[in-house]
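Hello,

Please find the structure below.

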Amino acid sequence: MDHIQFALSTSKEARTMFDDIRVVHQALPGLGVEDIRLQPETGDLRLKSPVFINAMTGGGGSETEKLNAILARVAKETGMAMAVGSQMAALKDPDERNSYEIVRKENPDGILFANLGSEASVQQAKDAVEMIEANALQIHLNVVQELTMPEGDRDFKGALERIRRIADEVQVPVIVKETGFGISRETAEQLAVASIEAIDVSGFGGTNFASIENERRQRKLAYFQDWGIPTAAAIVEVDSVFGKTILASGGIRSALDMVKAFMLGADAVGLAGAFLRIAMEKGEKELVLEINSLHEDLAMMMTALGAASISDLKHCPAVISGELFHYLTVRGFE
Ligand code: FNR
């Protein structure tokens, strides 16, 4: 509950760098709104919507159970996949399982992602998948969050090896994700040798776990609050070396951000903080309406760009300026 409260109270606009991208309008798009297919090509993840609810809550008793039930019903109603928050608490204490299991109960046929950190063992990964009959497993990387937490981990050796073993042994596709600081080309290169299905870049510009954890400590580690790779840049970093499914998250707020993420190479986008805020402040019905509007807005913009599918958007021209242009040039991306 601390994370939820601080995620809402510390959130402030930071730069994803999507605003350095201008899409190029096509006055002769050659298609109509009814030709648009929103179902993305996401390999074994088989998503129906290009938007999913990213990992947030679990554990922590009846309040998180209620929130997860709301998110699960919204996912069912809108056809979106949904990730649960880290299940480590429930693997250690069976009393914590309800707040995760409710998600499968509310949405028996939906696409669900299990979630654990890279400290997990193969057996824990299998148990987390089984707990919610997950269709895929997210493994999160959260070095900056751990370092900012007074009681957090200080040793990050062996994570890649554990991820490789989990990816080889669990029966469902594995997604490796960051938690708001972004995945670089160098990290994606290391991950590309593991048999994982997808990388979620989860970049800088949205929920900021350095700010959240700093709220809980006396001596603040202020330098981590402006640390990560902005989400737009992180998509290009990962796309340059990773050939499979790319998921984008981190500060995605609008359908226009989504269109830009797809143009840069993402196959689907995840939202955590923005959906959390609507669910907490406006409720379940409003969240469903908001997601229906996002789907509609995506179809509108794809029509104006002449892109019938999410993958067609990758071939649409865009002009990159400002800080994002500088970043990509210095990092050697064309
Ligand atoms: C998160 N996030 C997260 N990620 C993860 O892999 N496991 C987790 O348990 C959690 N927990 C969590 C709690 C809360 C309250 C929030 C807001 C977020 C991170 C999340 O999945 C995502 O990577 C980042 O929040 C960036 O996306 P947004 O929030 O900017 O859309």
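Two residues count as in contact if their C-beta atoms, placed from the backbone, lie within 7 Å. Helices (H or I, at least four residues) and strands (E, at least two) are DSSP runs, numbered from the N terminus. This is a predicted model: local features need pLDDT of at least 70, side-chain atom pairs count only at pLDDT 80 or more, and totals for chains, interfaces and linings use all residues. Residue numbers start from 1 along each chain as its sequence is written.

Helix α10 (residues 231-239) is largely enclosed by the rest of the structure, because 9 of its 9 residues are buried (20 or more other C-beta atoms within 10 Å of a residue's own; exposed is 12 or fewer, partly exposed in between, with C-beta atoms placed from the backbone). Glu-237 and Asp-239 are among the buried residues. The packing partners of α10 are β1, α8 (185-191), β7 (198-200), β8 (245-249), α11 and α15 (322-330).

Helix α13 (residues 284-305) buries Leu-287, Ile-291, Leu-294, Leu-298, Met-301, Met-302 and Leu-305. They cover an arc of only 100° around the axis (taken from the directions from the helix axis to the C-beta atoms), which puts them on the same side of α13. Lys-285, Asn-292 and Ser-293 are exposed on the face turned away from that buried side. Just after α13, Gly-306 has a positive phi of about 70°.

Glu-146 lies in helix α6 (residues 143-148) and is partly exposed, with 19 other C-beta atoms within 10 Å. Glu-146 touches Gly-152 and Asp-153, leaving aside residues up to four places away in sequence.

Regards
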